[in-house]
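Subject: Structure handed over, with notes

Dear colleague,

Below is the structure that I promised to pass on to you. My notes on what was found in it follow directly after.

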Amino acid sequence: NLRIMSTKSGTIQIKTHKQKMVATDKTLLVTIPVRYSTIKANELVEAAARNNCIPVSYIETACAALSNEFYNFILKGHSVKVPQVGTFRLSLRTKSAKKEDDAIGVKRTRILLHPSKELNALLDRVTFARSEKIEQ
């Protein structure tokens with residue numbers, strides 16, 4: 001059984017900015033998390049190797065194999081449960097139609113994540129800190 005090793009909580013920096021809402025034509029204040037960077041695959045692999053004493057090549061091989069199977073299952077319509085993370089599933093945005101024969105127009109596909117209990121428990125311990133004043 002896999003179990004999550006991190007019991008740490010974190011502080012997420014947030015910022016608030018004004019955003020015009022298209023549907024209502026009003027400008028409202030919206031708060032979002034500050035994203036500092038996107039961790040690249042090789043950075044994630046190196047951190048996992050360093051923090052778990054596993055050779056980089058083993059982690060790279062496992063990641064490639066898991067990614068391939070993830071794609072195979074998702075593209076065949078399966079949900080994919082990743083231990084300690086959650087369940088990924090395919091979602092569609094379609095055009096509405098009055099007749100069944102017309103209800104085939106897929107506008108967009110995307111992947112949704114339903115977080116695991118463990119991930120939600122970590123998120124429940126997160127605190128927030130305002131990083132700056134409201135952006136104009």
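Strand β1, which covers residues 11-21, is joined to β2 by eight bridges, and the two strands run antiparallel; strands here are DSSP runs of E with at least two residues, helices are runs of H or I with at least four residues, and both are numbered from the N terminus. Two strands count as paired if DSSP finds at least two bridges between them. Within this pairing, Ile-14 stands opposite Pro-33 in β2, and in the hairpin of β1 and β2, where four residues lie between the strands, Asp-25 takes a positive phi near 60°.

Please keep in mind that this is a predicted model, in which local features need pLDDT of at least 70 and side-chain atom pairs count only at pLDDT 80 or more, while totals for chains, interfaces and linings use all residues. Residues are numbered from 1 along each chain as its sequence is written, and side-chain values use heavy atoms, with hydrogens and water left out.

Strand β1 is also joined to β6, in this case by four bridges and with the two strands running parallel; here Thr-11 has Thr-127 in β6 as its bridge partner. The three strands thus form an open sheet in the order β2-β1-β6, with mixed pairing, and its edge strands, β2 (26-33) and β6 (127-130), each pair on one side only. On average, neighbouring strands of this sheet are turned by 40° against each other, direction ignored, where the axes are lines fitted to C-alpha atoms and angles run from 0 to 180 degrees between N-to-C directions.

In the segment after β6 lies Glu-132, which touches Ile-14 and Lys-15 when residues up to four places away in sequence are not counted, a contact being heavy atoms within 4.5 Å. Glu-132 and Gln-13 are 119 residues apart in sequence, yet 9.0 Å apart in space from C-alpha to C-alpha. With a relative accessible area of 36%, Glu-132 is partly exposed (buried means under 20%, exposed over 50% and partly exposed in between, with a 1.4 Å probe and protein chains only).

As for the whole protein, there are three helices and six strands, and from the N terminus on the elements run β-β-α-α-β-β-β-α-β. Of the 136 residues, 11% count as buried, and residues 24 or more positions apart account for 44% of the contacts with a separation of 6 or more.

With kind regards
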